[in-house]
Amino acid sequence: MTCKGNSIAAPGARILIADDNTRLLRVLKAVLEGNGHEVILAEDGHQALECARQARPALAILDVNMPGLDGFAVCDRLRAVTDAPIIFLTARTGEVDVLRGLSLGADDYLTKPFSLAELKARVDAKLRRSGAHGLVGFQDGFLEIDLEHGRVRRDGEELSLSPKQYQLLAHLVRHQGTIVSHARLLAEVWGEGYEGERGYLALYVRYLRERLERDPSDPAYIRTHHGLGYSFLGTAPSALA
């Protein structure tokens, strides 16, 4: 099996797209190549895994409904070997499916039909926020989070956070703009065995809001997505001097 892609390296990121709709594959390939990316195509789940092994993409776009292995199974296997952003393409809009994808490590969802402009924006955002693109923090003039040096400032005043508070904040900032599921936050910040401790997580989120937000009762940074998880929202990430 040969993965379908460019014959020469492109200046942008290497992106894997897996979908059994060949017409859609061609359209997405043309759009992303037009943005300077190298695009690798797969038409089923097994081919997607083999292409990921061969090409080591910086981002993967997976259709949920694929023959052989579906997108959920592919995401689960990819997450065992890579932290590259994963975006699902799906006609499914139910909360159960969204929760399942997030719990497996997906970073975003696009529901079919979607606009090509939205796809390009989501891809750019995920690539920009991934570690490969050098995200070291966040600042907007009021809140400054320096992940490189482990410092947090609110309105110019340096804050002292507990280790777990800082780890939780850092994880949300690294995935800013993306809903991170309760189970994923608990597992990655506290470790295995804590995945069901939502009350524990909510308590730490409240602590962080009290320290960071102008109005903790109306948070601008750490947002709750009921039944799904939390996200850190803000302007586009910027490197800190």
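The model is predicted, so local features need pLDDT of at least 70, side-chain atom pairs count only at pLDDT 80 or more, and totals for chains, interfaces and linings use all residues. Residues are numbered from 1 along each chain as its sequence is written, and side-chain values use heavy atoms, with hydrogens and water left out.

Select helix α2 (residues 45-55) and helix α3 (residues 71-79), which pack at an angle of about 20 degrees with their axes 9 Å apart; they are therefore roughly parallel to each other (angles under 35 degrees count as such). Now show the side chains in contact (heavy atoms within 4.5 Å): Gly 45, Ala 48, Leu 49 and Ala 52 come from α2, and Val 74, Arg 77 and Leu 78 from α3.

Next, turn to the salt bridges (a side-chain nitrogen of Lys or Arg within 4 Å of a carboxyl oxygen of Asp or Glu), of which the structure holds 14. Select Lys 29 and Glu 33, whose side chains meet in one of these at 2.7 Å, N to O; the two residues are 4 residues apart in helix α1 (residues 22-34), about one helical turn. Lys 29 is buried at 19% relative accessible area, whereas Glu 33 is partly exposed at 28% (buried means under 20%, exposed over 50%, partly exposed in between, with a 1.4 Å probe and protein chains only).

Move on to Arg 184 and Glu 188 in helix α7 (residues 182-189), where the closest N and O atoms of the salt bridge are 3.2 Å apart. Arg 184 is buried at 13%, and Glu 188 is partly exposed at 48%.

Finally, select Asp 108, Glu 118, Arg 122 and Lys 126, which are linked in a network of salt bridges.

Methods: Axes are lines fitted to C-alpha atoms, for helices over the stretch in contact, and angles run from 0 to 180 degrees between N-to-C directions. Angles under 35 degrees count as roughly parallel, over 145 as roughly antiparallel, 65 to 115 as roughly perpendicular and the rest as oblique.
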